[in-house]
Amino acid sequence: MDLNLLAIETSTDRAALALTTADGRCHVAHVESSGRHGRDLLPALRDLLNGSGLRATDLDALAVGLGPGSYTGLRIGVMAAKTLAYAAGCPLTGLDSLEVLACNAPADVLHVVVIGDAQRGDLYVAEFSRDEPGATLRQAKATRIEPASYLLGLDGGTLVIGPGLRKLASPLPDGLVAGSPEQARPEGERLAELALRVYESGRRDDPWSLEPIYLRRSAAEDQWARRQDAPPALT
């Protein structure tokens, strides 16, 4: 498909940016932000566009990872995508950030589970499968939150990847295959492939109402809510 499509993924501590252009090229950038997406993302986007010879107004479409993942990173990434989509007057498509990571799985793996750290001993979970080696991975169940014990019920041979691996209190159950640290971070080329595939499927989102997928409130929000519910202090 001949179009200029920019994809942004900021759910982990490394942002991935991918720009596919109408001439068939793919430009990528990875920002080692260590949680500083607010400082590093916009300069990286500027450099990516400049390096491709495009301006923001030349974009035909945008895609952005919606999460789950880093609360702050997602807010920054989604806001940047919405702003660019408004400036360019182009459609915007939201992506499941765990599906972005699932695309890192080798083409011969039939069953993939992506896990993220949902805190409080829980995991963000998304399951994917393909019918035969080389086929496109398809999501088997909706992205959700599960307790870490969920892993005990997975079939042997399942590849488990994602940033949640390094947060597990114990090794993976026998029979499961642990992915590499590199597979737990978004890759620009895979992000571009997924963004194009989702865009070509015809899915579009309303840029005014599009929001990150958090699945649960942050610890800070829970603390604030508890304070609101607490009885007034005696004086």
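The legends below describe close-up views of a predicted model.

In this predicted model, local features are given only where pLDDT is at least 70, side-chain atom pairs count only at pLDDT 80 or more, and totals for chains, interfaces and linings use all residues. Residues are numbered from 1 along each chain as its sequence is written, and side-chain values use heavy atoms, with hydrogens and water left out.

**View 1. An open sheet of five strands with mixed pairing.** The strands follow the order β3-β2-β1-β4-β5, where strands are DSSP runs of E with at least two residues, helices are runs of H or I with at least four residues, and both are numbered from the N terminus. Two strands are taken as paired if DSSP finds at least two bridges between them. Strands β3 (26-32) and β5 (92-95) stand at the edges with a single partner strand each, so one side of each has no neighbour in the sheet. From one strand to the next the twist averages 15°, with axes fitted as lines to C-alpha atoms (for helices over the stretch in contact) and angles taken between N-to-C directions from 0 to 180 degrees. Strand β4 (residues 61-65) runs parallel to β5 and is joined to it by four bridges; within β5, Leu92 is the residue that stands opposite Leu62.

**View 2. Helices α2 and α4 against the sheet strands.** Helix α2 (residues 71-88) packs on the sheet and touches β1 (5-9), β4 and β5, contact meaning heavy atoms within 4.5 Å. The direction of helix α2 makes about 170° with that of β4. Helix α4 (residues 188-200) lies across β1, β2 (14-20), β3, β4 and β5, and runs at about 55° to β2.

View 3. When residues up to four places away in sequence are not counted, Ser97 touches Glu9, Ser11, Gly65, Leu66, Gly67, Pro68 and Leu74. The C-alpha atoms of Ser97 and Leu191 are 9.5 Å apart in space, although the two residues are 94 residues apart in sequence.

**View 4. A salt-bridge network that includes Arg14, Glu32, Arg185 and Glu187.** The structure holds twelve salt bridges, each defined as a side-chain nitrogen of Lys or Arg within 4 Å of a carboxyl oxygen of Asp or Glu. One of them joins the side chains of Arg14 and Glu32 at 3.6 Å, N to O; Arg14 lies in strand β2 and Glu32 in strand β3, so this pair ties together parts that are 18 residues apart in sequence. Arg14 counts as buried at 10% relative accessibility, whereas Glu32 counts as partly exposed at 47%. Arg14 also forms a salt bridge with Glu187, the closest N and O atoms being 2.9 Å apart. Because Glu187 lies in the loop between β10 (177-178) and α4, that pair ties together parts 173 residues apart in sequence. Between Arg185 and Glu32 the closest N and O atoms of the salt bridge are 2.5 Å apart, and this pair links the loop between β10 and α4 with strand β3, the two residues being 153 residues apart. Both Glu187 and Arg185 are partly exposed, with a relative accessible area of 24% for Glu187 and 24% for Arg185. Through shared partners, the salt bridges join Asp13, Arg14, Glu32, Arg185 and Glu187 into one network.

**View 5. Arg130, buried and without a salt bridge.** Arg130 lies in the loop between β7 (122-129) and β8 (138-147). The nearest side chain of opposite charge is that of Asp108, 6.2 Å away, where Lys and Arg count as positive, Asp and Glu as negative, and His and the chain ends are not counted. A polar atom of the Arg130 side chain lies 3.3 Å from the backbone oxygen of Ala107. Leaving aside neighbours within four places in sequence, Arg130 is in contact with several residues, among them Pro106, Val109, Leu110, Ala135 and Leu137.

**View 6. Strand β6 and its pairing with β7 and β9.** Strand β6 (residues 111-119) pairs with β7 in the antiparallel sense over eight bridges, and Glu127 in β7 is the bridge partner of Val113. The hairpin of β6 and β7 has two residues between the strands, and in this hairpin Arg120 takes a positive phi near 60°. Strand β9 (residues 159-161) runs parallel to β6 and is joined to it by three bridges, with Val112 opposite Leu159 in β9.

Notes: Buried < 20%, exposed > 50% of the residue type's maximum accessible area, 1.4 Å probe, protein only. Polar contact = N/O pair within 3.5 Å; in protein donor to acceptor, adjacent residues only side chain to side chain.
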